[in-house]
Amino acid sequence: MGCCGSVERTKREWRPLEDRSCTDLPWFLLFTVFCVGMGSICSFTIVTGGAARLVFGYDSYGNTCGQRNERIEGVQLSGLDHTDRKFVFFLDPCNVDIVQRKIKSMALCVSLCPTEELKTYQDLKRFAMLNGSELCSYDMAGHKYPDLPERVSKCPKLPVPPSKPLPVFNRCTPVDISCYAKFAEAVVTFVGDNSVLHRLIAGVAASKEIIIGLCVLALVLSMILMVIIRYISAVLVWILTSLVVLGSLAGTSVLWWLYIDHRLYGNSTTNKVQEDVELSRDSGQALLVYAGAATVFTIILLLLMLFMRKRVALTIALFHVAGKVFIHLPLLTLQPFVTFLALLLFWIYWILVLLFLGTSGNPVQNEETGLTEFRLTGPLQYLTWYHAVGLVWITEFILACQQMTVAGAVVTYYFTRDKNRLPVTPILSSVLRLVRYHLGTVAKGAFIITLVKIPRLFLMYIHNQLKGKENACSRCLLKTCICCLWCLEKCLNYLNQNAYAATAINSTSFCTSARDAFVILVENALRVATINAVGDFVLFLGKILIVTTTAFAGVLLLNYQRDYAEWLLPLIIVCLFSFLVAHCFLSIFEIVVDVLFLCFAIDTKYNDGTPGKEFFMEKALMEFVESSRRLERAVVRGRSRVKESVGAEMKPMVSDSRRGVAKQTSSLSEEMGVELEGDGGEWEELQEFQVYYLLVGVLVDWVLTEQSGFVLCLSEDVVLFLCVYLPTSTLFLFVSLLQAPSPGPSTPSSKSATVTTAS
């Protein structure tokens, strides 16, 4: 049996875009049932009156404003007819509970909000007599307000500020919001002077046209960068690589220079206090540690650059092809808008239903205030948790639909040999295939991310609640668990994305696609590391380029405002929006590059360019393959010459029987030559890198340590080597043994093609 109960296949036959069938149908049904449950929660809040209480408001006795109410058992003044009283009025609107984020005041249903300030109880009486809107408790007559002794607790706090109703939610809100100063201070804690806040807000109001224009500029720059990055990727990648290497060398040199300078001149003064001597010695040791660590980092970086230099060319080629994809599929640029719109609509719906849940349930009297509130009790209280899980799962589902749509379009582009015969709208075709065949696969992948994300969010909530109360051990344990779950979530996201691409290619289930994609990625481990390291860094610099360009344009446009303090908030808004836009667009570019790499790896594994097995790849990738083949042939010729010379020297010692074995081995190696060349290169380079890393570690320890500590450091290096090298080697060997032999190299056509190419 295979993953999740699927039948294990002995050999994967990749048939791009040939057969289509529904995948993970049970998960689609499960997700449909879950969405029906989400809709049932909304229906429950509407039927039980929670939605009406939120929109129309309700008083402190459980009566909904603007309608006839039923009496609540045990609650006085409930069951009143409030058909003419459509607005909620708070007796003390400034009594805000900052922790619970709600108003701690008695609420009444009134027919009209006071539009002017009422300073005395006579004013309350006059307002009630003229407008018919009684602002005190229902059991008090309006003409008796000044004479009743309970007016202090049952009438609004004087003076009553002028208010106006909210457009939709029918709450009387004070016109002057200065009474919410404490709440504003709790929200905006970094502003100490109200004048500064007013100036910043005034700056935003005065520059709103410029802010909108700069946001549009960031949008246009992001779309342009996705197209032109194909032309500047080569220069950009090599410049960045050179800068990183030169920067690490310069930093290491400066640290060693500081250490030597400290050793030469730091101890020149003879009259020193003992404390100064100890401080100088500690500084010298710290500089030595920093310089040694920087040296090790620089050497490892140089080794990585040395062994990955050939794969940087693959990253450049993939960037070039990705730019062409956006030219042939311009609708890909609309994917961030569609995804953002879908997420926005779902989040608005989710927040509204959450607010409906806050006003649903059974009426309960608050023991502290005596006011009537509606709370979910019993099994109904788990509806909020169900609703929270729905937020994570459906959000991940929408993001996964975007990844599957982009992957389907890119797969169609890659595996169509004649680009002139592409569908009219590959994006629309990909969406239709997703809706018809693969919604279950997307739902399953989103659920796996949800299983990791929810525990991480729960641990983050616990960490915030216990901040300052837990001990150091528990704090460290919580942070470690959160970090591990975050890393696991990132790894699963990357694997899911490749699984969606494999599903778009072969129309297989999620587990089968994830397994196949993982095998392909493991076989190309160094290429994956290079593309993710170099490619992500280039895309990050692209985001920084868009942000800095937009900020520079903002400085030029805001230059007419001589009050430089007013620049701050508009520039922050523009920079945040430009980074968000750049991240959304370049994330689509990153998905395209990852899908192209998976298609390229499959193409090079199962095709060899011979008749009947032609490559699907673009010219830029073909040039990379040809250059790699020329290099491999040169290496093979060099090794064969060495073997021939050694064999000539050893020829008299070989017996006839062993010649037969050698001949069979030679023929077997000839048959599997292509496979060994294709799959062994990554493995051999990884072995060479690990051996060189061990030698460099021993050399650095020999230089930096004394003779007494050299043996200890050498033993530590050997232990690290054995703990890192052997498990990694065993993992790669185990994965390679699990692979079914690819059908391409074993055929006679590929064999003859290999012999012809070598000749």
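This is a predicted model: local features need pLDDT of at least 70, side-chain atom pairs count only at pLDDT 80 or more; totals for chains, interfaces and linings use all residues.
Figure 1. Once its neighbours within four places in sequence are left aside, asparagine 170 is in contact with Val55, Phe56, Lys86, Phe87 and Val88.

Figure 2. Proline 159 is found in the loop that links helix 4 (151–154) with strand 5 (163–165).

**Figure 3. Aspartate 24, with a positive phi.** Aspartate 24 is not a glycine, yet its phi is positive, at about 55°. You can find aspartate 24 in the segment before helix 1, which covers residues 25–47. Is aspartate 24 buried or exposed? Aspartate 24 is buried, because its relative accessible area is 11% and buried means under 20%.

**Figure 4. Serine 507, between two helices.** Serine 507 is another residue other than glycine with a positive phi, here near 60°. Its place is in the loop between helix 13 (472–506) and helix 14 (510–523). With a relative accessible area of 8%, serine 507 is buried.

**Figure 5. Leucine 288 in helix 8.** Helix 8, made up of residues 274–328, holds leucine 288. Leucine 288 is partly exposed, because its relative accessible area of 26% falls between the cut-offs of 20% and 50%. Now look for leucine 258, which is 30 residues apart from leucine 288 along the chain. The C-alpha atoms of these two leucines are separated by 9.2 Å.

Figure 6. Rolling a probe the size of a water molecule over the atoms shows where empty space is left. Sorted by class, the lining of the largest cavity has 4 nonpolar, 2 polar and 3 charged residues.

**Figure 7. The second largest cavity.** The second largest cavity holds about 40 Å³ of space. Met404, Gly408, Ser430, Arg433, Leu434, His438 and Ala504 line this cavity. Helix 10 (383–414) and helix 11 (426–437) are the elements that give two or more residues to the lining. Which of the elements gives the largest share of the lining of the second largest cavity? The largest share, 3 residues, comes from helix 11. By class, the lining residues of the second largest cavity divide into 3 nonpolar, 3 polar and 1 charged.

Figure 8. The largest nonpolar core has 86 residues. Val325, Tyr414, Phe589, Val592, Leu596 and Leu621 are the members with the most contacts inside this core. Helix 16 gives the most to the core, with 18 residues. For a closer look, pick leucine 621: leaving aside its neighbours within four places in sequence, leucine 621 is in contact with Leu314, Ala317, Leu318, Val321, Tyr414 and Phe600. A second, separate core has 32 residues, among them Val75, Phe89, Phe90 and Tyr145.

**Figure 9. Stepping back to the whole chain.** After the close-ups, here is the wider setting. The chain has 21 helices and 8 strands. Of its 759 residues, 40% count as buried. Take the contacts between residues at least 6 apart in sequence: 73% of these join residues at least 24 apart. The accessible surface of the chain comes to about 42,200 Å², and 66% of this area belongs to carbon and sulfur atoms.

How values were computed. Residues are numbered from 1 along each chain as its sequence is written. Side-chain values use heavy atoms; hydrogens and water are left out. Ala, Val, Leu, Ile, Met, Phe, Trp, Tyr, Cys and Pro count as nonpolar, Asp, Glu, Lys and Arg as charged, and the others, Gly among them, as polar. On a 1 Å grid over the protein atoms alone, a cavity is a set of points where a 1.4 Å probe fits but cannot get out, and a pocket is an open set with protein on both sides within 12 Å along at least five of seven lines; lining residues have an atom within 4 Å of a point. Grid points are joined across faces, edges and corners, and a volume is the space filled by probe spheres set on the points. Helices (H or I, at least four residues) and strands (E, at least two) are DSSP runs, numbered from the N terminus. A nonpolar core is a set of buried Ala, Val, Leu, Ile, Met, Phe, Trp, Tyr and Cys residues joined through side-chain atoms within 4.5 Å. Buried means under 20% relative accessible area, exposed over 50%, partly exposed in between (1.4 Å probe, protein chains only). Contact means heavy atoms within 4.5 Å. Accessible areas come from the Shrake-Rupley method with a 1.4 Å probe; for residues, only the protein chains shown count as cover.
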